[in-house]
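Here are my notes on this one, as numbered points. Have the structure open while you read.

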Amino acid sequence: MASKPITRATIFRFPGGAERESLPEVTLPLPTTTASPMRAAQHGAVLDLAGKPKVWFTIGRGRIGKTTLLRWAAEMGEANEGRVICAAADPVNRSLRVYLDGVAEPPTNDAADVAQWLQELLLFALQEKMSALVDLGGGDTSLHRLLGTMPDLASVMEEEGVSPVAVHVIGSDPHDLVPLATTEAAGFRPAATMLVLNQMTGRPDRFSDVIRHSAFQAALGRGAVQVWMPLLTPDAARAVDARHLHFTQVGNTLGPFIGASVRAWLKAMSDEFSPVKSWLP
Amino acid sequence: MPARSLERIRQAAMSSRSTLYRWMQRNYDGFGAALAEAGRPNWKAITAELVADGLTDADGKPPSQEAVRQTWWKVRKAVEAARAKRLAPLSPAAPAVSAAVAPTPSPSGKAAGELPLPSTADAAPDAPKFRPARLRSQPHEDT
């Protein structure tokens, strides 16, 4: 897979001047809801990965919501039944192990160690035809090291019967697109690519610069799927984290209001991710 | 899995390591024993031997004395961590599916010109074990 060098100027070409004139109509001051007004007019035929082993490569800047997403995915999918490898490559944030037993982690924080560990993990998944959820962490270098020697990693995995799923978690800051742009430029463009816009970082109308951006549009153009990650209210998130609870087990343990918030969030997550439900391991 | 793909992945897996690192990893026990026996190893002489054998640093250059010491420190850290993990008992809830990447001892296959150290297994000592994770029944702070 050829990779084209990409410059900062290419990555960050913001619309301005005349381009602004072609912006969509002004958003009407509708009542606020938890629904996503910009949920895409998208999703033609979304790839069906049901029944296939798949490896999630969760990519994004630090504190963007990758771990929360992975916790949710682990609770929803086969990880809940103990059939999925969960791995935390992030040398700093390894909070997944608070919630999961048996999280795979690199032996040290050394970048080369992490890269080699990731390679061995993928090799294992291919050999065993097992699904995996991999938290690459903010500022990941391990995947890029691997792509440096194997830019066609996605195709090789497909050939071996394991579907790579690129899960880009993106906030409302256009700089959150850097990991997406660099990973795509490095040649990692799996057919199953998810652009997860995390509303924790801002309401949907704050994402307009991100969505208009050429890096985002290029990914959509090659078939990536846009998904909104609903906002779990900060109070509820803090309470759940403080007690280290699984989302699906909160019930009314934390009181009826927080319980209702978490249930509403779970429902919204289920709705938003329904187009890519078969991509969940 | 076709052998071609496996081989490419193996090559990719090893490519992030210097030849020096890989040699130390392969010969971990023997090299470590020799250093322990020396007490205060002569790193200058050791470096000269390693360079003479053609081992290189991550940039493909002959390693400096300091680089040799640091590489050995990193290898020790990685190997010891991996061995500690292997010794840790598996969770009873975890299916035993991790054997596929457990180190497999094989003849050391020492190349001519390597340091005259005791022979060691050619296993990758820091090969991690992978197994499915499970939701903790009672999530808690770090273990």
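Predicted model: local features only at pLDDT ≥ 70, side-chain atom pairs only at ≥ 80, totals over all residues.

1. Residues are numbered from 1 along each chain as its sequence is written, while chains are lettered from A and ligands numbered from 1 in the order in which they are written.

2. Now the sheet. Chain A has an open sheet of 6 strands in the order β2-β4-β1-β5-β6-β7, with parallel pairing (two strands pair if DSSP finds at least two bridges between them). At the edges sit β2 (84-88) and β7 (225-229) of chain A, each pairing on one side only. From one strand to the next, the twist averages 20 degrees; axes here are lines fitted to C-alpha atoms, for helices over the stretch in contact, and angles run from 0 to 180 degrees between N-to-C directions.

3. Strands β1 (residues 54-59) and β5 (residues 163-170) of chain A run parallel over 6 bridges. Ile59(A) has His168(A) of β5(A) opposite.

4. On burial: a residue is buried if 20 or more other C-beta atoms lie within 10 Å of its own, exposed if 12 or fewer, and partly exposed in between, with C-beta atoms placed from the backbone. Buried residues make up 48% of the 281 in chain A. In helix α7 (residues 178-185) of chain A, the buried ones are Pro179(A), Leu180(A), Ala181(A), Thr183(A) and Glu184(A). After α7(A) comes Gly187(A), with a positive phi near 105 degrees.

5. What about the cores? A nonpolar core is a set of buried Ala, Val, Leu, Ile, Met, Phe, Trp, Tyr and Cys residues joined through C-beta atoms within 7 Å. The largest has 89 residues, and Cys86(A), Ala132(A) and Met194(A) have the most contacts inside it. Helix α4 (residues 111-128) of chain A gives the most to this core, with 10 residues. A second, separate core of 13 residues includes Leu20(B), Met24(B), Tyr28(B) and Leu55(B).

6. Contacts next (two residues are in contact if their C-beta atoms, placed from the backbone, lie within 7 Å). Setting aside neighbours within four places in sequence, Ala132(A) has contacts that include Val55(A), Trp56(A), Val84(A) and Leu121(A). Of the chain A contacts with a separation of 6 or more, 80% are between residues 24 or more positions apart.

7. Which way do α4(A) and α5(A) cross, left-handed or right-handed? These two, the latter being residues 142-149, pack at about 70 degrees with their axes 8 Å apart. That makes them roughly perpendicular (65 to 115 degrees; under 35 is roughly parallel, over 145 roughly antiparallel, and the rest oblique). The crossing is right-handed, meaning the near helix is turned clockwise from the far one by less than a right angle, with anticlockwise being left-handed. Residues meeting there include Val114(A) and Leu118(A) from α4(A), and Leu143(A) and Leu146(A) from α5(A).

8. Finally, chain B. Gln70(B) lies in helix α5 (residues 65-87) of chain B and counts as partly exposed because it has 13 C-beta neighbours inside 10 Å. Its C-alpha is 10.0 Å from that of Tyr21(B), 49 residues apart along the chain.

Key. Helix = DSSP H or I, 4+ residues; strand = E, 2+ residues; numbered from the N terminus.
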